[in-house]
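Dear colleague,

I am passing the structure below on to you, together with notes on what was found in it. Please read them with the coordinates open.

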Amino acid sequence: MVGRFLQTLLLAASAGQAVASCAYGTFLHPRAEEGAVPINTFGYTGSIGPLNWAQLEEANDVCSTGTRQSPIDMAPGAFNMVPAGELAIEVPDFNEGTEFENLGTTIEVIAKGGTLSFSGKVFELQQFHFHLPSEHLDNGTSQAMEMHMVWQSAEQEIAVIGVYIEIATEAVAAAPPVVVERRGRFARPQQVQKRQNETATVGKAPTVLLETIFSVVDAIAAPGTKVETPPLIMSEVLDLIKAGGFQGYMGSLTTPPCSEGVNWLVSTAKLAVSASTFLKVRDIIGFNSRFPQNTLGQPNILQVAAIAAAALQGPIA
């Protein structure tokens, strides 16, 4: 009874409100004309989390019934490799900055131009937003964050480029072992010097674009707020992802309404943020990742779980 009452409250709360999702700004969820920033009516934990998205609105039914749901584990056999040369990606620098907003479940940068061409189709960049930790798994391993660049075609098709984000590391010289070779009473300093000159591994540097965007993230700590970013030089990220390849598959939105038919292109290149920046972003968006879904084409993981639960509740012989 309590569960049904809570469900009724949740449905009433979401009635008449557009659920702003990862497709916000596309034909699925057009951007508010008055420039207001909507606050999402779903979440990632408890009764409004992914396990219950299908109960929040009828339009979300595919979240629990779809068989090509995202995100997935990007393991061998789950995707097709798409060489970067098969895509044409052009995004201008946002020399005057752009809007950066807090939708309550993610933080999103509004695009000011950009095209993606592949498979004979042209898509326009609408926005890019962030998930923490990564939604896709990198062959079984979760990454610190994931950036989703959302594109839309004139035929109202959606493509998303996913890019993993790591924690940047600094170049740290390893201390040489204290080994002094002696001949009689005298050390051989040339041997010690040789060891001291050994080169240390150099870590991954923070991505300037991300550091620039997140330099103003404190200004949108509250859901429903927005701020103008500093000028954004997009070429750095474009050069990185163009130098790699893409793991492609046909999946879905990773937020309600979980619509399928989304062209996913997960980059093999990775971006990075400093540890301090990561902590600052984490404190604002918290946890906002949908759990990995079932193997593409197989029954929805929630249906599998429901069948298993029903079997356990059956009569015991």
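The lining of the largest pocket has, by class, 7 nonpolar, 4 polar and 1 charged residues, where Ala, Val, Leu, Ile, Met, Phe, Trp, Tyr, Cys and Pro count as nonpolar, Asp, Glu, Lys and Arg as charged, and the others, Gly among them, as polar. About 180 Å³ of space lies in this pocket, and the residues that line it include Asn-80, Glu-86, Phe-118, Tyr-249, Asn-263 and Trp-264. Strand E1 (80-83), E12 and E13 are the elements that give two or more residues to this lining; helices (H or I, at least four residues) and strands (E, at least two) are DSSP runs, numbered from the N terminus.

The model is a predicted one, in which local features need pLDDT of at least 70 and side-chain atom pairs count only at pLDDT 80 or more, whereas totals for chains, interfaces and linings use all residues. Residues are numbered from 1 along each chain as its sequence is written, and side-chain values use heavy atoms, with hydrogens and water left out.

Pockets and cavities were found on a 1 Å grid over the protein atoms alone: a cavity is a set of points where a 1.4 Å probe fits but cannot get out, a pocket is an open set with protein on both sides within 12 Å along at least five of seven lines, and lining residues have an atom within 4 Å of a point. Grid points are joined across faces, edges and corners, and a volume is the space filled by probe spheres set on the points. By this rule there are 3 cavities of 30 Å³ or more, and the largest cavity has a volume of about 40 Å³. Its lining includes Cys-22, His-129, His-148, Val-262 and Trp-264, with strand E7 (145-153) and E13 as the elements that give two or more residues to it. By class, this cavity lining has 6 nonpolar, 4 polar and no charged residues.

Strand E13 (residues 260-273) is largely enclosed by the rest of the structure, because 10 of its 14 residues are buried, that is, under 20% relative accessible area, with exposed meaning over 50% and partly exposed in between (1.4 Å probe, protein chains only). Strand E8 (residues 158-167) pairs with E13 in the parallel sense over 8 bridges, two strands being paired if DSSP finds at least two bridges between them, and Ala-159 stands opposite Asn-263 in E13. Strand E12 (residues 245-252) pairs with E13 in the antiparallel sense over 7 bridges, and Gly-251 has Val-262 in E13 as its bridge partner.

The loop between E12 and E13 holds Pro-257 as well as Cys-258. A cis peptide bond, with omega about 10°, joins Pro-256 and Pro-257, while phi of Cys-258 is near 60°, a positive value in a residue other than glycine. Cys-258 counts as buried, at 0% relative accessibility.

With kind regards
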